[in-house]
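This report describes the fold of one protein chain and then turns to selected residues and their surroundings. The sequence and the coordinates are shown first.

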Amino acid sequence: MSYHNIITIEPGKRSGKPCIRGMRITVYDILEYLAGGMTEAEILEDFSELTSEDIKACLAFAADREKKLFVVSL
């Protein structure tokens, strides 16, 4: 899934954290809700401005960042 049109980063919004479609809801917020046990349906019910695609974009963004991480041995 391409998240590039959904996840936005603006220096003046939420301290430059990745947000969903320019809103003040961050990728981190959504990942925390999911990690805390909320279902996608519960998140969508609490945040009517979000879509299922927004949540999938958060997961794709996180997966992409994880893929780019690496450890350097000293």
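A residue counts as buried under 20% relative accessible area, as exposed over 50%, and as partly exposed in between. S15 has a relative accessible area of 73%, so S15 is exposed. The model under discussion is a predicted one.

**Overall architecture**

The secondary structure of the protein consists of three helices and two strands, and the order from the N terminus is β-β-α-α-α. Along the principal axes, the C-alpha atoms occupy a box of roughly 45 × 30 × 20 Å. The protein has 74 residues, of which 31% are classed as buried. Its accessible surface amounts to about 5100 Å², and carbon and sulfur atoms account for 55% of that area. When contacts between residues at least 6 apart in sequence are considered, 41% of them join residues at least 24 apart.

**Aromatic pairs**

Two aromatic pairs are present in the structure. The ring centres of Y3 and F61 are 5.2 Å apart and the planes stand at 85°; because planes over 60 degrees apart count as edge-to-face, the pair falls in that class. Y3 belongs to the segment before β1 (7–8), whereas F61 sits in helix α3 (residues 52–68), so the pair ties together parts that are 58 residues apart in sequence. Y3 is buried at 9% relative accessibility, and F61 is likewise buried, with a relative accessible area of 10%.

The rings of Y33 and F47 have centres 5.6 Å apart and planes at 25°; this pair is therefore stacked. Y33 is in helix α1 (residues 27–35) and F47 in the loop between α2 (40–46) and α3, so that the pair links distant parts of the chain, 14 residues apart. With a relative accessible area of 28%, Y33 is partly exposed.

| Aromatic pair | Distance between ring centres | Angle between planes | Class |
|---|---|---|---|
| Y3 and F61 | 5.2 Å | 85° | edge-to-face |
| Y33 and F47 | 5.6 Å | 25° | stacked |

**Surroundings of D54**

Which residues does D54 touch, not counting those up to four places away in sequence? They are I6, I20, R21 and E49. D54 is located in helix α3 and is buried at 2% relative accessibility. A polar atom of the D54 side chain lies 2.9 Å from the backbone nitrogen of T51.

**Residues with positive phi**

R21, one of the residues touched by D54, is in the loop between β2 and α1. Its phi is near 45°, a positive value in a residue other than glycine. At 40% relative accessibility, R21 counts as partly exposed.

S15 also has a positive phi, of about 60°, although S15 is not a glycine. S15 is placed in the loop between β1 and β2 (19–20). The C-alpha atoms of S15 and K68 are 22 Å apart in space, and the two residues are 53 residues apart in sequence.

**Nonpolar surface patch**

F70, V72 and L74 make a nonpolar surface patch of about 460 Å². Of these residues, L74 lies in the segment after α3.

Methods: Residues numbered from 1 in each chain as written. Predicted model: local features only at pLDDT ≥ 70, side-chain atom pairs only at ≥ 80, totals over all residues. Heavy atoms only, no water. Phe/Tyr/Trp six-rings, centres within 6.5 Å; stacked < 30°, edge-to-face > 60°. Helix = DSSP H or I, 4+ residues; strand = E, 2+ residues; numbered from the N terminus. Buried < 20%, exposed > 50% of the residue type's maximum accessible area, 1.4 Å probe, protein only. Polar contact = N/O pair within 3.5 Å; in protein donor to acceptor, adjacent residues only side chain to side chain. Contact = heavy atoms within 4.5 Å. Patch = residues over 30% accessible without salt bridge, like charges linked within 9 Å, V, L, I, M, F, W, Y side chains within 5 Å. Areas by Shrake-Rupley, 256 points an atom, 1.4 Å probe, with all protein chains shown as cover. Salt bridge = Lys/Arg side-chain N within 4 Å of Asp/Glu carboxyl O.
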